[in-house]
Amino acid sequence: LAAGYDKNAEAVDALLGLGFGTVEIGSVTPLSQKGNPKPRFFRLPEDEAVINRYGFNSDGHAPVASRLQTRLRNWMRKRDLDPVNDEMDIPLSLNDTKLLGVNLGKNKYSAADNHSDYVVGVERLGQYADYLVINISSPNTPGLRELQRREPIEQLLTQVKTARDKNLKHAPPILVKISPDCSETELQDIAAVVQSVGIDGIIISNTTITRPSTLKSGIN
Ligand SMILES: Cc1cc2nc3c(=O)[nH]c(=O)nc-3n(C[C@H](O)[C@H](O)[C@H](O)COP(=O)(O)O)c2cc1C
C-alpha cells in the first residue's frame with residue numbers, strides 16, 4: 001500500500017491484515033501541519049482517476065513515533081520480551097513475510113535547502129521502519145521537487161545515509177521516491193547520485209502534475 005493512505009500510522013496492523021505485503025506510512029513531516037484547505041481531493045470518474053492536492057497533512061513525527069512505539073512495545077510485552085534490551089528477530093511489520101515502510105516528508109515552511117527535516121525523520125522514525133523513503137516528489141509542497149536536482153539531492157541523500165548509519169543498528173534500506181515528471185537530465189542526475197552515495201532503491205513514482213490530453217474529463 002503506497003504512501004498517502006495511512007499518513008499517520010493509525011491503521012498499520014489492520015492494513016497488513018487486509019493482505020497488503022507492504023504498508024508504507026506517511027509522508028510524515030517533522031511538525032504537525034494541516035495541509036491545504038478543503039476541497040483538496042477531486043475524483044474524475046470518467047477517467048478512473050483522481051487529482052490530489054492534500055499538501056502533506058501530517059500529525060508530525062512525535063504522535064506517529066508514539067503510535068509506532070506503542071504498537072511495538074505491546075507486541076514485545078505479549079511475548080515477554082524487554083522492549084529496551086531484547087532484539088527483534090522479525091521485521092518491524094511484526095510479520096515474518098511483510099514490510100512496514102516509513103515515508104518521510106518536509107514541512108511546508110522549512111527552508112528549501114535545509115535537509116534536516118529528513119535527517120530528523122531518520123533519527124526519530126527510522127527505528128520503526130523496515131525501509132525508509134525519502135519523498136522529494138510530492139507535487140503539493142513548494143520547492144520539494146527542486147530537491148531532485150543534482151547538488152541538492154547529493155547533499156540530502158548523503159546526510160540521510162549518514163544519519164541512518166550513525167543511529168540505526170538495523171540499517172533499514174533507504175529508497176528515494178521520485179516524480180514521473182523528471183526531465184532526462186534529472187533522471188541521469190538522480191541515477192548517478194543514487195549510485196555514488198549508495199542508496200538502496202528508487203520508488204517510481206509519485207503523482208504526476210501533468211494533465212494528459214487523453215483525459216476525458218478535460219480537466220486542467
Ligand atoms: C490522496 C493521495 C495522497 C498521497 N499522499 C502521498 C504522500 O503523503 N506521500 C507520498 O510519497 N506519496 C503520496 N501519494 C502518492 C502515492 O503514494 C503513489 O505514489 C501515487 O498515487 C502513484 O501511484 P498510483 O499510480 O498507483 O496512484 C498520494 C497519492 C494520493 C492519491
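Let's start at Asp 80, which lies in the loop between α2 (61-78) and β4 (99-104); helices (H or I, at least four residues) and strands (E, at least two) are DSSP runs, numbered from the N terminus. The phi of Asp 80 is near 55°, a positive value in a residue other than glycine.

A word on the model: it is predicted, so local features need pLDDT of at least 70 and side-chain atom pairs count only at pLDDT 80 or more, while totals for chains, interfaces and linings use all residues. Residues are numbered from 1 along each chain as its sequence is written, and side-chain values use heavy atoms, with hydrogens and water left out.

**The chain as a whole**

The chain has five helices and seven strands. Their order along the sequence is α-β-β-β-α-β-α-β-α-β-α-β. The C-alpha trace spans about 60 × 40 × 30 Å along its principal axes. For 220 residues, a compact globule would have a radius of gyration near 17 Å, and the 18 Å of the chain agrees with that; the radius is taken over C-alpha atoms, and the globule rule is 2.2 Å times the number of residues to the power 0.38.

**Two cis peptide bonds**

Ser 27 belongs to strand β1 (residues 22-28). Another joins Lys 38 and Pro 39, with omega about 0°, and Pro 39 is in the loop between β1 and β2 (41-44). For background, most residues other than glycine have a negative phi, and most peptide bonds are trans.

**Around the ligand**

Which residues are closest to the ligand? Ala 3, Lys 7, Ser 27, Lys 177 and Ser 205 are the closest of the 15 residues that surround the ligand, each with a heavy atom within 4 Å of it. This shell divides into four nonpolar, nine polar and two charged residues.

| Side chain | Distance to a ligand oxygen |
|---|---|
| Lys 7 | 2.9 Å |
| Asn 103 | 3.0 Å |
| Lys 177 | 2.8 Å |

The protein covers 67% of the 620 Å² of accessible area that the ligand has on its own, by the Shrake-Rupley method with a 1.4 Å probe.

Key:
A polar contact is a pair of N or O atoms within 3.5 Å; within protein, one must be able to donate a hydrogen and the other to accept it, and residues adjacent in sequence count only if both atoms are side-chain atoms. Ala, Val, Leu, Ile, Met, Phe, Trp, Tyr, Cys and Pro count as nonpolar, Asp, Glu, Lys and Arg as charged, and the others, Gly among them, as polar.
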